[in-house]
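Here is my note on the model, as requested. Please read the points beside the coordinates.

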Amino acid sequence: IGVAVAVAVSELSGLLSPFNGEIVERLHRRTAMALGLSGVGVGTALAASSVHPVMFAIALVLVAQSKVMFDLGLGAWVSDRVPFAQRGRIIGLTETSWALGLLVGVSLMGLVTAATNWRAGYALGGIAVVALAGYVARSLPADAGAHTAADRPGRQKIKVASVAPLMLAMFSLMAASQALFVTFGSWLDDSFD
């Protein structure tokens, strides 16, 4: 398989996210975030050392699912600790930091890759994220008390069918954003071979 197939397999691994969610629900929020960041670090190290596209695909799947673990832990942590009236602002800040990290991180990794090779870019990203996993594990307060929906009085289990509109909305959002990448790639091929 080639790199494009490895990336496609990584994207398809999103279908594993519900199972990942089941795992995260059994963990404390801080633990889920630290494990997610550590998994991204391990995945990037595996990608940097990969010698075959299959190994690279496995690394990308590990990165993708570890990011899901972090995202779920972060969302749950914010929901547990931030009053509802402030959640929009806090989630907005985390989304802005995500976008800024993408802008700065991708640019920095591009510069490192241009100056050295693609493996060094992955290694730099891996080192940074493992350092942040340690920071999260040390700096966030430990979870106390019940932390799953089943543990909380007054909360009912949500049926999957009730989130179907949200799933459809996310599907449409991602399909539309991925269309940009597909057409951009075609434009690059057509314009610059």
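1. Basis. This is a predicted model, in which local features need pLDDT of at least 70 and side-chain atom pairs count only at pLDDT 80 or more, while totals for chains, interfaces and linings use all residues. Residues are numbered from 1 along each chain as its sequence is written, and side-chain values use heavy atoms, with hydrogens and water left out.

2. Overall make-up. The chain has seven helices and zero strands; helices (H or I, at least four residues) and strands (E, at least two) are DSSP runs, numbered from the N terminus. The C-alpha trace spans about 60 × 40 × 30 Å along its principal axes. Of contacts (heavy atoms within 4.5 Å) between residues at least 6 apart in sequence, 77% join residues at least 24 apart.

3. Surface. The accessible surface of the chain is about 12,800 Å², and 73% of this belongs to carbon and sulfur atoms; the areas come from the Shrake-Rupley method with a 1.4 Å probe, and for residues only the protein chains shown count as cover. Buried residues make up 24% of the 193 in the chain. Here buried means under 20% relative accessible area, exposed over 50%, and partly exposed in between (1.4 Å probe, protein chains only).

4. Asn20. This residue sits in helix α2 (residues 17-25) and counts as buried because its relative accessibility is 7%. Its side chain reaches the backbone oxygen of Gln65 at 2.7 Å. That is a polar contact, a pair of N or O atoms within 3.5 Å; within protein, one must be able to donate a hydrogen and the other to accept it, and residues adjacent in sequence count only if both atoms are side-chain atoms. Beyond neighbours within four places in sequence, Asn20 is in contact with Gln65, Val68, Met69 and Leu72.

5. Salt bridges. The structure holds four, a salt bridge being a side-chain nitrogen of Lys or Arg within 4 Å of a carboxyl oxygen of Asp or Glu. One of them joins Arg26 and Glu22, with the closest N and O atoms 3.6 Å apart. Arg26 is exposed at 65% relative accessibility, whereas Glu22 is partly exposed at 47%.

6. For Asp80 and Arg29, the closest N and O atoms are 2.8 Å apart. The latter pair links distant parts of the chain, with Asp80 in helix α4 (residues 53-81) and Arg29 in helix α3 (residues 29-49), 51 residues apart. Arg29 is buried, with a relative accessible area of 5%; Glu25, at 35%, is partly exposed, and Asp80, at 30%, is partly exposed.

7. Helix α6. The 22 residues of α6 (residues 118-139) should span 32 Å at 1.5 Å a residue, and the end C-alpha atoms are 32 Å apart, which agrees; the expected span is 1.5 Å times one less than the number of residues. Asn117 caps the N-terminal end, with a side-chain oxygen 2.9 Å from the backbone nitrogen of Arg119.

8. Two sides of α6. The buried residues of α6 are Gly121, Gly126, Val129, Ala133 and Val136. They cover an arc of only 130° around the axis, so they lie on the same side of α6; the arc is that of the directions from the helix axis to the C-beta atoms. These buried residues pack against α3 and α5 (84-115). On the other side, Ile127, Ala131, Tyr135 and Arg138 are exposed.
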